[in-house]
Amino acid sequence: MTGQRSDARRNYRLILAAAEAEVAARGADASQERIARTAGVGSATVRRHFPTRRALLEAVFRERIDVLCAHAHRLSTAEDSRTALLEWLRALVAYAISARGFANVLSYEPPTEEPSPHSCGKRIEAAGDPLLQRAIRDKAVAPHVTFHDLLTLAVGIALATEHHENPDTQAGRLFRLAVEGISPAHGTAGVPGNSGPSAPMTESLPNDPV
């Protein structure tokens, strides 16, 4: 039994390493068969560890999710709730742009589904929604805005700009346009990195794993 568990852990590490490389190259269209060949295991072994494509992608992006959640926690004590929320949203969009497939795994979870408590979307919501609720309480964000609205917005911007010649620049522009709609009385004041209409979204978080 001990040997079997050891083999399973080794296979898991091999599959995850192969999946990370495959997803980086091909995004959400990563081939499970190619991952199996690279890892030196059978397709059935891959599916035993990751029964769905979403489960595989969630495992690949787990470290990024950890960093985003930690960043949200740090921002929860920031003095300006609106600036804190926008800084975190901007980091979410930047991550979704820089990591192929990340926006896709978030888009797999519409609100009508019941994702597992450990899903990417659920964890991101648990981290980011307190920032939104604080900004709403401070009357810095419109009260009808939901976290799903913001997640849909971030995913939409990432997917819409992923094939753009300058995705960072275009995403930054769309993000600022969206912010003006979220809190029009404030315009773009307080948007992190707001240095002009073409400012790119290239900042990274502390300890960015990628």
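Start by selecting two groups of residues. Arg64, Val67, Leu68, His71, Ala72 and Leu75 of H5 touch Ala84, Glu87, Trp88, Ala91, Leu92, Tyr95 and Ser98 of H6. Contact here means heavy atoms within 4.5 Å. By class, this contact of H5 with H6 holds 9 nonpolar, 2 polar and 2 charged residues. Ala, Val, Leu, Ile, Met, Phe, Trp, Tyr, Cys and Pro count as nonpolar, Asp, Glu, Lys and Arg as charged, and the others, Gly among them, as polar.

A note on the model before moving on. It is predicted: local features need pLDDT of at least 70, side-chain atom pairs count only at pLDDT 80 or more, and totals for chains, interfaces and linings use all residues. Residues are numbered from 1 along each chain as its sequence is written, and side-chain values use heavy atoms, with hydrogens and water left out.

**The H5 and H6 axes**

Now show both helices as cartoons. H5 covers residues 62-75 and H6 covers residues 81-98. Their packing angle is about 170°, and the axes are 10 Å apart. Axes are lines fitted to C-alpha atoms, for helices over the stretch in contact, and angles run from 0 to 180 degrees between N-to-C directions. H5 and H6 are therefore roughly antiparallel. The cut-offs are under 35 degrees for roughly parallel, over 145 for roughly antiparallel, 65 to 115 for roughly perpendicular, and oblique for the rest.

**The whole chain**

Zoom out. The protein chain has 10 helices and 0 strands. Helices (H or I, at least four residues) and strands (E, at least two) are DSSP runs, numbered from the N terminus. Switch to a surface view. The accessible surface of the protein chain is about 11000 Å², and 52% of it belongs to carbon and sulfur atoms. These areas come from the Shrake-Rupley method with a 1.4 Å probe; for residues, only the protein chains shown count as cover. Of the 210 residues in the protein chain, 43% are buried. Buried means under 20% relative accessible area, exposed over 50%, partly exposed in between (1.4 Å probe, protein chains only). Among contacts between residues at least 6 apart in sequence, 67% join residues at least 24 apart.

**Aromatic pairs**

The whole structure contains 3 aromatic pairs. Rings of Phe, Tyr and Trp (its six-membered ring) pair if their centres lie within 6.5 Å; planes under 30 degrees apart count as stacked, over 60 as edge-to-face and the rest as tilted.

Select Tyr12 and Phe50. This pair is tilted, at 5.3 Å centre to centre with 35° between the planes. Tyr12 sits in helix H1 (residues 2-26), while Phe50 is in the loop between helix H3 (43-49) and helix H4 (53-60), 38 residues apart. Tyr12 is partly exposed at 25% relative accessibility. Phe50 is buried at 3%.

Next, select Phe61 and Phe102. Their pair is edge-to-face: 5.2 Å between centres, 70° between planes. Phe61 lies in the loop between H4 and H5 and Phe102 in helix H7 (residues 102-107), so the pair ties together parts 41 residues apart in sequence. Phe61 is buried, at 4% relative accessibility. Phe102 is buried too, at 0%.

**Two last stops**

Go to Glu22 in helix H1. Glu22 is buried, with 6% relative accessibility. Leaving out residues up to four places away in sequence, Glu22 touches Gly27, Ala30, Ser31, Arg34 and Ile35.

Finish at Arg53 in helix H4. Arg53 is partly exposed, at 33% relative accessibility. Arg53 and Ala28 are 25 residues apart in sequence, and their C-alpha atoms are 8.3 Å apart in space.
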